[in-house]
Amino acid sequence: MKLTVNGEAHEVAATTLAELLAALDYEGDWLATAVNSDLVHKANRAEFQLSDGDRIEILSPMQGG
Amino acid sequence: MFDLLGTTLASRLLLGTAQYPSPAILADAVKASGTSVVTVSLRREMAGGRAGEQFWSLIRSLGVRILPNTAGCHSVKEAVTTAKMAREVFGTSWIKLEVIGNHDTLQPDVFGLVESARILCEDGFAVFPYTTDDLVVAERLLEAGCEILMPWCAPIGSALGPVNITALRSMRGHFPGVPLIVDAGLGRPSHAATVMELGFDAVLLNTAVSKAADPVGMARAFGKAVEAGREAFSSGMLEPRDVAVPSTPTIGRAVFS
């Protein structure tokens, strides 16, 4: 499946958002995820089915003004 | 002490966490400023990265309240989704809502701002809108559910200080019961003192401290200026006069000629 993760193209075997995070070595409870511009809650990642062409954003706390 | 949306804060200075020379200097500046609230953001994390975790653990160790922002968002959708992601990560419904309308001036897209504010207020957020000093926009934001307003006093990062005192004074006069925080454009402690003397409830700044030669010293200076400005406002300042008035009593003056 072809996905765009944080702006970069990826081809992955993962079918759920949780599997994708594990496959790309993302871990930690400080991450926030969105698929196709909508928030996917941490609790829903395991059941969230990805589709070809999905755009995923994985964000974490950063300095801000 | 300062009551903000039901939370009692020790300081009327809100401080940004970006652009400090090092995490240690950021931590020292936060302490020196006396601030009770710091702003933070969300950015893309690298695969396997822990940058976000390190920053987050530093911020939590400071024992201050967190005000996440939607900096860099240019559309309603971006701002709303970023706010929801921030609520999940930071565990607060406070959000500094930025919807940027112009790349050069970083001035808010006030139309997108009002629309985003309405969506987020209905969803239970406490929205701190980064807005202009326009009174009609301010009215719309209050109608949308905002209980606080954060007008700029000059473009973000410009250090110009209050460029339109008349507009700020007018805003304070129009919204006597609404907490007003001057956000963006402050360059010097005297700028902060000036807007606090006008009766603004607080100030939010970042670059003026983080880009100073000594951010810790500047953080302390801003903390004092904010306190001084507030106390001056509360104490009733003398109005300017066109003629001199002797301060030393003239009665009982000696006559030598």
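**Reading the interface of chain A and chain B**

Q: How many salt bridges does the rule find across the interface of chain A and chain B?
A: The rule finds 3 salt bridges there. This is a predicted model, in which local features need pLDDT of at least 70 and side-chain atom pairs count only at pLDDT 80 or more, while totals for chains, interfaces and linings use all residues. Residues are numbered from 1 along each chain as its sequence is written, chains are lettered from A and ligands numbered from 1 in the order in which they are written, and side-chain values use heavy atoms, leaving out hydrogens and water.

Q: What makes Arg45(A) and Glu88(B) a salt bridge?
A: The rule asks for a side-chain nitrogen of Lys or Arg within 4 Å of a carboxyl oxygen of Asp or Glu. Here the closest N and O atoms are 3.9 Å apart, so the pair qualifies.

Q: What is the area buried between chain A and chain B, and what does the term mean?
A: About 2500 Å² is buried, with carbon and sulfur atoms giving 60%. Buried area is the accessible area (1.4 Å probe) that two parts lose on being put together, summed over both. On the chain A side, Trp30(A), Met62(A) and Gly65(A) lose the most, together 27% of what that side buries.

Q: Which elements give two or more residues to the side of chain A that touches chain B?
A: They are strand E3 (32-35), strand E4 (38-40) and strand E5 (55-63) of chain A. E5(A) gives the most, with 7 residues. Strands (E, at least two residues) are DSSP runs, numbered from the N terminus.

Q: How do you know that E5(A) pairs with strand E4 (residues 37-44) of chain B?
A: Two strands pair if DSSP finds at least two bridges between them. Here 5 bridges join the two, so they pair, and they run antiparallel. Met62(A) has Ser41(B) as its bridge partner in E4(B).

Q: Why do strand E6 (94-97) and strand E8 (150-151) of chain B stand at the edges?
A: The open sheet has the order E6-E7-E8 (chain B), with parallel pairing. E6 and E8 each have a single partner strand, so one side of each is left without a neighbour in the sheet.

Terms used
Helices (H or I, at least four residues) and strands (E, at least two) are DSSP runs, numbered from the N terminus.
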